[in-house]
Amino acid sequence: MGLFDALSHGLERSREALNEIFYFGGEVDEDFWEDLEDTLVMGDMGAEISMQVTDDLRDLAARKNLRTANQLRRALAERLEEYFVHPETDFFSDTPSCVLFVGINGAGKTTTVGKIASAAHEGGKRVVIGSADTFRAAAIEQLDVWGERAGVPVVKRDRGSDPASVCYDVLDEADAQGADLVLIDTAGRLHTSADLMRELAKVVNVTRRRAEKCEAGPMPVHVVLVIDAGTGQNGLAQAEEFNNSLGLDGIIMTKLDGTAKGGIALAVAAKLKLPILRIGVGERIEDLQAFDAHDFCRALVGAA
Ligand SMILES: Nc1nc2c(ncn2[C@@H]2O[C@H](COP(=O)(O)OP(=O)(O)OP(=O)(O)O)[C@@H](O)[C@H]2O)c(=O)[nH]1
Ligand SMILES: [Mg+2]
């Protein structure tokens, strides 16, 4: 299966909603534009973007005399693509690099760490996973399982340890092993919890300080927010809070296989001007894809 097909499969449910309105058989009338705007809003693009996109597309359709479903789909995909930010580098492949995974409970952080570790390991990188979720029961064991699947060592301390100290140890170990890529899993937390966000800011600071002193030279540290696409518009509030507290470097959207709301990816990318680094399209180790805004938008609207 090619990337576009795989992505299309993942975004099936998002596209179905748009499919309905594109079966208009002939006239592009007022109802069509209203339905389009509603569908974009329902798909979690947010009211502002949905209105902007619909207005722009309507102008374009008039100017260029776009009439067929295919023409409109393609134009819609192109318009949506403009909202995405392209990453300057891919810090999972441009190593050395240390990446902290943050997000609310159950977003898919641990699973994503496992998937990325596996892909990087297969790609010949020397990877170390760090387990800074010392809070949730069985979190360390869960990460151990992913480490084993990926064939990557996991650095951990006892449950209840201070997560910032664990990160320090993880970097010590990564440094000793000459790791290229360090992936650190953190405990899920609500973006509305000031104490837990402060704790996380400390985790990031300590990691940064230790990473600067690596034997082979300073290792850049990046903070990535993992968002479950199914959380809908709340994903936007999460992204804003995490970004304010930590200064995010990118986003990973998970569970795009199980939601009709792929539009949240666009809403977050547009609002925070942050790149989407990977997307999760299933629970298996291979269900992670590079994000390609062009393919994503075409798959989202079903453009050929
Ligand atoms: N369908 C689907 N399920 C996913 C995806 N990513 C993660 N999951 C599932 O989501 C659930 C939570 O994933 P975790 O990786 O444990 O999430 P987490 O953010 O580490 O959770 P906490 O550590 O409790 O905050 C698991 O059942 C995963 O299998 C995805 O892309 N698609
Ligand atoms: Mg976890």
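**Helix H11**

I started with the buried residues of H11, and I listed Gly 263, Ile 264, Ala 265, Leu 266, Ala 267, Val 268, Ala 269, Ala 270 and Leu 272. I am working on a predicted model here. The helix spans residues 263–272, and because 9 of its 10 residues are buried, it is largely enclosed by the rest of the structure. I then stepped just past H11 and found Lys 273 with a positive phi of about 55 degrees.

**Salt bridges**

Next I turned to charge pairs. Side chains of opposite charge can pair when their charged atoms come close. How many salt bridges does a search of the whole structure find? I noted 16.

I looked up one of them, between Arg 79 and Asp 56, where the closest N and O atoms are 2.8 Å apart. This pair links distant parts of the chain, since Arg 79 sits in helix H5 (residues 69–81) and Asp 56 in helix H4 (residues 47–64), 23 residues apart. I checked the exposure of both partners: Arg 79 is buried at 14% relative accessibility, while Asp 56 is partly exposed at 32%.

Then I went to Arg 210 and Asp 175, whose side chains meet in a salt bridge at 3.0 Å, N to O. Here, too, distant parts of the chain are linked: Arg 210 belongs to helix H9 (residues 194–212) and Asp 175 to helix H8 (residues 163–177), 35 residues apart. Arg 210 is buried at 7% relative accessibility, and Asp 175 is buried at 15%.

Glu 199 is in helix H9, whereas Arg 189 lies in the loop between strand S4 (181–186) and H9, 10 residues apart. Are these two buried or partly exposed? Glu 199 is partly exposed at 32%, but Arg 189 is buried at 3%. I also wrote down a network: salt bridges with shared partners join Asp 56, Arg 79 and Glu 82.

**Cysteines**

I wondered how many disulfides the count gives. I got 0 disulfides. For Cys 98, the closest cysteine sulfur is in Cys 167, and the 7.5 Å between the two sulfurs is too far for a bond. Cys 98 is buried at 0% relative accessibility, and Cys 297 is buried at 0% as well.

**A negative patch**

Last, I visited the surface. Which residues form a negative surface patch? I found Asp 29, Asp 31, Glu 34, Asp 35 and Asp 38. Asp 38 lies in helix H3 (residues 30–42) and is partly exposed, with a relative accessible area of 46%.

Definitions and conventions. Residues numbered from 1 in each chain as written. Chains lettered and ligands numbered in written order. Predicted model: local features only at pLDDT ≥ 70, side-chain atom pairs only at ≥ 80, totals over all residues. Heavy atoms only, no water. Patch = residues over 30% accessible without salt bridge, like charges linked within 9 Å, V, L, I, M, F, W, Y side chains within 5 Å. Areas by Shrake-Rupley, 256 points an atom, 1.4 Å probe, with all protein chains shown as cover. Salt bridge = Lys/Arg side-chain N within 4 Å of Asp/Glu carboxyl O. Lys, Arg positive; Asp, Glu negative; His and termini not counted. Charge placed at Lys NZ, Arg CZ, Asp CG, Glu CD. Helix = DSSP H or I, 4+ residues; strand = E, 2+ residues; numbered from the N terminus. Buried < 20%, exposed > 50% of the residue type's maximum accessible area, 1.4 Å probe, protein only. Disulfide = S-S within 2.5 Å.
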